[in-house]
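Colleague: I have the model open and would like to go through a few spots with you. Could we start with what packs around one of the helices?

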Amino acid sequence: MSDPRERLPLFPLQTVLFPGSVLPLHVFEARYMDLATRCLKDGTVFGVNLIAEGAEVGATAIPHAVGVSARITEWDMPQPGVLNIVTRGERRYRILQTEAGANGLLLGEVEWLAEPRPVPVPDDCMSLVTLLRAIVEDAGDVRLPPPHDFGDAGWVGMRYAELLPIPALAKQSLLELDDALGRLAIIRKFLEQRGLLTV
C-alpha cells in the first residue's frame, strides 16, 4: 500500500482553487518562477491554498490546511522574468506540516483526501442543474472547460462554489466539505434566499 503522504511545493494565494477549476496566474517572484519551471519540466503539480495570514508577495504566508493541487496546462513568457500560466485544479489535500525552502518557497507534507464518489443530483436540486447549464453555455469552454458532469452533485457543487460571488472564507468552507449533498443544499438555500432560484 502506497503512502498517501507527499511533499508538495505550495503557492498560497488570496483565492480558493477547486477541483476542475481553471486558474490563470501571473508569476514573477523568483521562488514561483522556479516552482513553475520545475513543474513544467517534470510534469508535476503544485499546491494552491488560501492564505490564512500574510500576503501573496514577500514573506512566506501561512496557508489554510486544505488546498487543491494545480497542474499547468498553458504557459507564456511575454517578457523576461514574467511567466503567465494557466492551471487546472485536480485533487484536494490537507497540509500536515510546512517548511520554507532556501528561496522562501513553502513546502508542505500533505495527505491526499479521498476522491469523492459520484453522487446523483437529488430531485429538489434539479433547478441548480438547469441554471448551471445556462451559465456554462454562456461562459464557454475556456472559463468552464469540459468534462462537464451535470448529473454529479459533487461536480455541480464545486462549480457553484467557484462561481458564486461570496467571500474567500466561505469558498474555503465549501471546499473543505466532504458531503457533496450538504454542499449542494447550502448553495441551493443561498440562491433561493436571494431570489435566484424558485423554491
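Modeller: Keeping in mind that this is a predicted model, the cover over the buried residues of helix 3 includes strand 6 (82-100), helix 2 (126-143), helix 4 (168-176) and helix 5 (180-193).

Colleague: And how many residues of helix 3 are buried?

Modeller: Of its 11 residues, 10 are buried, so helix 3 is largely enclosed by the rest of the structure. The buried residues are A153, G154, W155, V156, G157, M158, R159, Y160, A161 and E162.

Colleague: Which residues touch the most other members in the largest nonpolar core?

Modeller: That core has 48 residues, and those touching the most other members are L25, V27, F46, L128, V156 and Y160. Helix 3, which spans residues 153-163, gives the largest share of this core, with six residues. Apart from this core lies another one of eight residues, among them I95, L106, V110 and W112. As a general point, nonpolar side chains in soluble globular proteins tend to be buried together.

Colleague: What does L25 touch, leaving out residues up to four places away in sequence?

Modeller: With those set aside, L25 touches F11, L13, F46, L83, N84, I85 and T87.

Colleague: Switching topic, is S69 buried or exposed?

Modeller: S69, which lies in strand 5 (residues 66-79), has a relative accessibility of 2%, and because buried means under 20%, S69 counts as buried.

Colleague: So what is S69 in contact with, beyond its neighbours within four places in sequence?

Modeller: Beyond those neighbours, S69 is in contact with L17, V45, F46 and G47, with R88, G89, E90, R91 and Y93, and also with W112.

Colleague: What about W75, buried or exposed?

Modeller: W75 also has its place in strand 5, but its relative accessibility is 53%, and because exposed means over 50%, W75 counts as exposed. Together with L40 and M77, W75 forms a nonpolar patch on the surface, and the accessible area of the three together is about 310 Å².

Colleague: Last one: how many disulfides does the structure hold?

Modeller: The structure holds zero disulfides. As for cysteines, C39 is buried, with a relative accessible area of 5%, and C125 is buried as well, with a relative accessible area of 3%.

Notes:
Residues numbered from 1 in each chain as written. Predicted model: local features only at pLDDT ≥ 70, side-chain atom pairs only at ≥ 80, totals over all residues. Heavy atoms only, no water. Helix = DSSP H or I, 4+ residues; strand = E, 2+ residues; numbered from the N terminus. Buried < 20%, exposed > 50% of the residue type's maximum accessible area, 1.4 Å probe, protein only. Contact = heavy atoms within 4.5 Å. Patch = residues over 30% accessible without salt bridge, like charges linked within 9 Å, V, L, I, M, F, W, Y side chains within 5 Å. Areas by Shrake-Rupley, 256 points an atom, 1.4 Å probe, with all protein chains shown as cover. Salt bridge = Lys/Arg side-chain N within 4 Å of Asp/Glu carboxyl O. Disulfide = S-S within 2.5 Å. Core = buried A, V, L, I, M, F, W, Y, C linked by side-chain atoms within 4.5 Å.
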